[in-house]
Amino acid sequence: MSILKILVVDDEPGIRSGVTRILRNFRVDYPFMEEPIEFEVMEAPTGEAGITIIETNIPDILLLDNKLPGIQGIEVLEYIKKKKKDIIVVMITSYASLELAVKATSDGAYDFIPKPFTPQELKSSIENITKRVFLKKMTNKLQDAGKKIRFTFLSILSHELKAPLNAIEGYLKMTKERQLGPNLEDYDGIIDRSLDRIRGMRNLILDLLDLTRVESGKAKRNMADVDLLKVARTAIDTMRPYAIQREVDIELQGVAPLILQADEEEIEIIFNNLVSNAIKYNKEGGTVACNIHKNEGCMIIQVEDSGIGMSQNDIEKIFDDFVRIKNEDTKNISGSGLGLSIVKKLVDNYSGKIEVTSAPGQGSIFKVIIPINQPCL
Amino acid sequence: MKPENITILIVDDDQDYLFQLQAKVRQFGFNTITADGQREAERLIEKVKPDLAIVDLMMEKEDSGFILCYKIKKKYPDVPIIIATGVAAETGIAFDIHDESNRQWIKADRFLEKGIRSELLKEEIFKLLSLTTKE
Ligand SMILES: Nc1ncnc2c1ncn2[C@@H]1O[C@H](COP(=O)(O)OP(=O)(O)OP(=O)(O)O)[C@@H](O)[C@H]1O
Ligand SMILES: [Mg+2]
């Protein structure tokens with residue numbers, strides 16, 4: 001990572017050789033790095049020649065003139081975008097075409113350098129980009145490493161079980177050593193925290209039981225006509241005290257009969273998780289609307305909330321084991337991150353699917369779609 | 001320098017671990033400031049320069065600790081950093097600080113197990129701050 005490759009695409013030989021000369025002995029030093037970064041400059045007089053180089057010897061940074069004899073700089077940019085090449089593009093433009101440069105920036109160019117530029121301008125621009133490239137490589141590297149430790153189920157599980165144990169143990173030691181002084185009341189806070197962690201651990205264990213159920217036992221499945229409204233009502237009633245505590249209002253809509261061939265316990269698990277999430281990730285005074293109906297041979301179970309919502313990026317992750325979204329809104333909410341992964345596995349068993357519509361702060365809609373006449377394996 | 005003139009930044013997203021570690025470090029005689037994640041820590045270091053930082057590895061993301069470490073070192077190259085991690089024990093895969101390729105980008109001064117004994121932790125902190133344990 002000590003050499004970055006730069007490609008200059010410009011039809012003016014003076015610009016190309018100038019860049020090469022200026023960057024030949026240029027180094028970027030970085031407190032975080034053991035060694036400074038140096039540059040290797042490649043040159044191309046046309047967009048076409050540039051693309052050929054990109055195909056064979058991909059640069060980290062591309063300095064791109066827009067006005068070229070053949071294809072234009074913008075087209076090279078589009079090519080890079082289309083092929084999803086990992087290159088940072090800087091447009092070199094004369095002041096006259098600044099407007100174009102701004103457009104280029106919105107098309108994926110990282111920056112632009114106005115022409116003519118002084119050596120210092122070029123250097124400081126390259127320095128900024130280098131830092132960015134470095135950060136990006138570092139994050140990629142971390143992600144690669146992350147994949148390796150992204151983690152077997154058991155290793156996360158032991159981590160998740162150990163964290164509350166450590167916390168509780170720490171609090172017990174503090175109590176034993178009377179670290180907060182002789183007054184019993186002063187320990188109320190840490191006792192409450194310990195109880196919280198125990199509760200979290202119990203929930204995790206309950207989730208695990210659900211999960212083993214899903215994964216171990218098709219043989220044990222007990223298929224029968226299940227009244228979805230009844231199951232939903234039970235789930236809501238069980239959760240009612242929690243909802244009242246959080247000042248969340250729940251309603252259930254659906255016109256009987258809504259009958260599905262299924263294992264009742266599994267349907268309960270689905271409802272419990274969706275409804276508990278809808279309450280848990282809600283706002284004070286919020287609402288949860290549970291709606292069940294039939295549509296085109298499918299049973300649709302929809303749970304809509306007025307809660308904290310989540311980003312598109314989050315939606316893609318939440319069905320994985322142990323995934324919890326960490327941000328300001330979720331900071332004080334505990335959970336194991338298994339709920340939705342269990343729901344997903346169950347719904348898969350019914351050849352169904354789950355759709356999520358959500359945006360941060362805008363509430364969420366979880367929609368479970370299960371075919372009614374699908375022979376269930 | 002005496003411990004009472006030294007400020008240690010502790011960053012962890014497990015509020016209980018944060019609380020307990022803070023209590024320990026205070027017992028050693030240091031001042032503490034705390035942050036419950038990478039983002040808050042970044043805000044804090046804009047305003048305060050700690051004398052040492054203890055950073056959890058997995059916070060908002062699994063690499064939050066590294067990124068934070070990087071940012072602290074960039075702003076304050078002389079501040080020693082301890083990364084506290086539970087990862088090694090659970091996964092058997094450590095981010096080995098002695099591995100040459102890792103050293104290039106991980107700039108922590110120490111990696112410590114989260115469950116480490118108080119005395120050991122104290123010793124490491126004193127060592128990094130070049131203090132003697134015997135006052
Ligand atoms: N209705 C919702 N609104 C906003 N975020 C949600 C909602 N449902 C789930 N999430 C997000 O998805 C994550 C994963 O949910 P999941 O139910 O799998 O785990 P959990 O609720 O954290 O733990 P548990 O296993 O105890 O249910 C949650 O941590 C939360 O961030
Ligand atoms: Mg949940």
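Student: Where in chain A is A:Ser358 found?
Tutor: A:Ser358 belongs to strand β12, residues 353-358. A strand is a DSSP run of E with at least two residues; a helix is a run of H or I with at least four; both are numbered from the N terminus. This is a predicted model, in which local features need pLDDT of at least 70, side-chain atom pairs count only at pLDDT 80 or more, and totals for chains, interfaces and linings use all residues. Residues are numbered from 1 along each chain as its sequence is written, chains are lettered from A and ligands numbered from 1 in the order in which they are written, and side-chain values use heavy atoms, without hydrogens and water.

Student: Why is A:Ser358 called buried?
Tutor: Buried means under 20% relative accessible area, exposed means over 50%, and partly exposed lies in between, with a 1.4 Å probe and protein chains only. A:Ser358 has 14% relative accessibility, so A:Ser358 is buried.

Student: Which backbone atom lies 2.9 Å from a polar atom of the A:Ser358 side chain?
Tutor: The backbone nitrogen of A:Met310. The backbone oxygen of A:Gly363 lies 3.0 Å from a polar atom of that side chain.

Student: What makes a pair like that a polar contact?
Tutor: The N or O atoms must be within 3.5 Å; within protein, one must be able to donate a hydrogen and the other to accept it, and residues adjacent in sequence count only if both atoms are side-chain atoms.

Student: Why is A:Lys84 called exposed?
Tutor: Its relative accessibility is 73%, so A:Lys84 is exposed. A:Lys84 is in the loop between α3 (73-82) and β5 (88-94) of chain A. Phi of A:Lys84 is near 50°, positive in a residue other than glycine.

Student: Is A:Ser351 exposed, partly exposed or buried, and how do you know?
Tutor: Partly exposed, because the value is 41%. Phi of A:Ser351 is near 55°, also a positive value in a residue other than glycine.

Student: How do you know what kind of peptide bond runs from A:Ala256 to A:Pro257?
Tutor: Omega is near 0°, and the bond is cis. Most peptide bonds are trans.

Student: What makes helix α3 of chain B mostly covered?
Tutor: Nine of its 12 residues are buried, among them B:Phe66, B:Leu68 and B:Tyr70. The helix reaches 17 Å from first C-alpha to last, close to the expected 16 Å. That expected span is 1.5 Å times one less than the number of residues.
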